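Subject: Structure handover

Hello,

Here is the structure you are taking over. Please open it first; the notes on what was found in it follow below.

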Amino acid sequence: MASIASLQNFPGFSKEAIPQDWCPGAEEVSTGTTLVAVEFAGGVVIGADSRTSMGTWVANRVTDKLTPVTDSIFCCRSGSAADTQAITDVVKYKLNFAEIEQGRPASVRDAAMAFKEICYEYRDSLMAGLIVAGYDQTSGGQVWCIPIGGMCVRQPMCIGGSGSTYLYGMMDHMYKEDMQQKECEDLVLQAVTQAIRRDGSSGGCCRMAIITKDGVERKLWLNNELPIKY
């Protein structure tokens, strides 16, 4: 029997022309996702769930969606897994080149603009919702939001991905200016936990990164360690 891959590569074949359930497992790999990023006085706290799905199939339950771009800048990825990984690889290369050329570390703004240029230029082809967060000596901790379409805006607190729809009221209520690092960590963990409970495309563990002038600290809560209150 012909495999799904050989059918899809058959000349003239259009998968839109036949029912989707005729090609099981042929859905695009999506990071589904809940992303949360919060600025505080000395840096940023970022967090995400760890579920990667293909339709209703969970392709990976322990994905790391917090991708390092430089030593002190991270990208939180949502949308198409392939698109976001490819964009991140290109930006890593660009920033590495720019750092050598300019003789200084790339700023968080540099990284955000590099992501924005690609996301905007290829907005009709890509499905990528990104949060760029990190720390630099010029402006301290920063969170930049780059949703689908290529807009780029700095925000003190940002949420993204399918799970974010469950979090707007919670974040409006619980976020306040000038929060301490511990408060930001608790808020990010609580937000990701809530989205994992409510959103079908979010699940697995909660991964967190705290980025400050001293470097990056990574934390992990397994699914059975999440602070679920009934």
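S7 and S8 form a hairpin, with three residues between them. Strands, like helices, are DSSP runs numbered from the N terminus (strands: E, at least two residues; helices: H or I, at least four). This is a predicted model, in which local features need pLDDT of at least 70 and side-chain atom pairs count only at pLDDT 80 or more, while totals for chains, interfaces and linings use all residues. Residues are numbered from 1 along each chain as its sequence is written, and side-chain values use heavy atoms, with hydrogens and water left out.

S7 covers residues 128-136 and S8 residues 140-146. The two run antiparallel and are joined by seven bridges; two strands count as paired if DSSP finds at least two bridges between them. Tyr 135 has Gly 141 in S8 as its bridge partner. S7 also pairs with S6 (residues 73-79), again in the antiparallel sense and over seven bridges. There, Ser 78 has Gly 129 in S7 as its partner.

Nine of the nine residues of S7 are buried, meaning under 20% relative accessible area, with exposed over 50% and partly exposed in between (1.4 Å probe, protein chains only). Both faces of the strand are covered: Leu 130 and Val 132 are among the buried residues on one side, and Ile 131 and Tyr 135 are among those on the other.

**The five-stranded sheet**

An open sheet has the strand order S10-S1-S2-S11-S12, with antiparallel pairing. S10 and S12 (215-221) stand at the edges with a single partner strand each, so one side of each has no neighbour in the sheet. S11 and S12 pair over seven bridges, and Met 208 stands opposite Lys 219 in S12. Helix H5 packs on this sheet and touches S1, S2, S11 and S12; its direction makes about 170 degrees with that of S1 (axes are lines fitted to C-alpha atoms, for helices over the stretch in contact, and angles run from 0 to 180 degrees between N-to-C directions).

**Nonpolar cores**

A nonpolar core here is a set of buried Ala, Val, Leu, Ile, Met, Phe, Trp, Tyr and Cys residues joined through side-chain atoms within 4.5 Å. The largest has 23 residues, and Val 36, Leu 167 and Met 171 are among those with the most contacts inside it. H5 gives the most to this core, with eight residues. Leu 167 touches several residues beyond four places away in sequence, including Val 36, Ile 159 and Ala 191 (contact means heavy atoms within 4.5 Å). A second, separate core of 20 residues includes Ile 87 and Phe 115.

Regards
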